[in-house]
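Trainee: Hi, could you walk me through this structure? I'm new to it.
Mentor: Happy to, let's bring it up.

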Amino acid sequence: MNSLTKLVWTAFITLLIISCEEKKPDPRLDQPEEFKKVLDAHGDWSKWINSEAFSFTMFHETNLTQENYFINLDSREVRIDGQFFQIGFDGEKTWISPNRQAFGGPSVRFYQDFYFYFFAMPYILTDLAARVEKVENQDLNGKNYVAFEATFEEGHHSGPSNQYTLLIDPETNKLEWVLYKVTFFNNPNPPLQAMKYEDYRDAGGLIFPRVITGYSIAGDSTERFRSQVSFADVVLTEDTFDQDLFEMPEKLAVVAN
């Protein structure tokens, strides 16, 4: 066998090996069949799994302030640029600029993930640390909903709660409500609260709510209006944001809890 023939055979065998290698499917695509129907109703949800970064603009309708969010999805690094503060999480610590007083809430670390988690529902529940299971239908404000319960493994979640109940419109399979109790502050008996999802808009093949409204809950009805936020400029990318975006500034910034 001459050298040219050997080269051809080597190239052929190499290509054969490569073509025969099985590409392992992403385990995040392996969701319960009933939950897949919900995800399918929200678009090509594989795009969420294949994306590395996520950004959006949020408006607080109650005080007319604006915040721009930038998140690296795998590492969960976060940057929030508000009108009066900047908040960042570099993978290890949470910081705020220009000072702690710029943010009036009880916890900066709690706030850094609060709206991100709710806005990213139901896609964020494809996380490997999340478990979703169908439960009995549930009534809210006189309407009967298909219900799912979502829980996160201890130590693998930084959102406002470790457990969420998703109420799904039975006709459209779209998410309409998320019920939750804030467990972040270790309150032994936190009140039940609700987020309503409205006016879905397409963003590159996935749909996101334009408006999310918060309510308190009494029995099987909403009781008191709590907050309302709206969203725009939703972008998912296959490239991560540069690490510099999440690093704490050398001046006019402090580590926050």
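**Charged pairs, core and rings**

Mentor: Let's begin with Lys93, which counts as partly exposed at 31% relative accessibility. Here buried means under 20% relative accessible area, exposed means over 50%, and partly exposed is in between, using a 1.4 Å probe and protein chains only.

Trainee: And what sort of model is this?
Mentor: It is a predicted model, where local features need pLDDT of at least 70, side-chain atom pairs count only at pLDDT 80 or more, and totals for chains, interfaces and linings use all residues. Residues are numbered from 1 along each chain as its sequence is written, and side-chain values use heavy atoms, with hydrogens and water left out.

Trainee: Back to Lys93, which side chain does it meet in a salt bridge?
Mentor: Asp90, at 2.6 Å from N to O. A salt bridge is a side-chain nitrogen of Lys or Arg within 4 Å of a carboxyl oxygen of Asp or Glu.

Trainee: Is Asp90 buried or exposed?
Mentor: Asp90 is buried, with a relative accessible area of 14%.

Trainee: How many salt bridges does the whole structure have?
Mentor: The search finds 10. Another one joins Lys36 and Glu33, at 3.5 Å from N to O. These two residues sit 3 apart in helix α2 (residues 33-41), so about one helical turn separates them. Helices (H or I, at least four residues) and strands (E, at least two) are DSSP runs, numbered from the N terminus. Glu33 is exposed, at 55% relative accessible area.

Trainee: Which residue pairs with Asp127 in a salt bridge?
Mentor: That is Arg76, and the closest N and O atoms are 3.1 Å apart. Asp127 is in the loop between α4 (108-119) and β6 (130-140), while Arg76 is in the loop between β2 (65-72) and β3 (77-82), so the pair ties together parts that are 51 residues apart in sequence. Arg76 counts as buried, at 18% relative accessibility.

Trainee: Switching topic, what about the largest nonpolar core?
Mentor: It has 57 residues, and Trp48 and Leu166 have the most contacts inside it. A nonpolar core is a set of buried Ala, Val, Leu, Ile, Met, Phe, Trp, Tyr and Cys residues joined through side-chain atoms within 4.5 Å. Helix α4 gives this core its largest share, 9 residues.

Trainee: What does Leu166 touch?
Mentor: Setting aside neighbours within four places in sequence, the contacts of Leu166 (heavy atoms within 4.5 Å) include Phe35, Pro122, Val146 and Trp177. Apart from that core lies another, of 8 residues, among them Tyr145 and Leu179.

Trainee: Now the rings, how many aromatic pairs are there?
Mentor: The count comes to 29. Rings of Phe, Tyr and Trp (its six-membered ring) pair if their centres lie within 6.5 Å; planes under 30 degrees apart are stacked, over 60 edge-to-face, and the rest tilted. One of the pairs is Phe56 with Phe119, tilted, at 4.7 Å centre to centre and 55 degrees between the planes. Phe56 is in strand β1 (residues 53-60) and Phe119 in helix α4, 63 residues apart. Both Phe56 and Phe119 are buried.

Trainee: What kind of pair do Phe70 and Phe241 form?
Mentor: An edge-to-face one, with 5.7 Å between centres and 85 degrees between planes. Phe70 lies in strand β2 and Phe241 in the loop between β12 (221-237) and β13 (254-255), so parts 171 residues apart in sequence are tied together.
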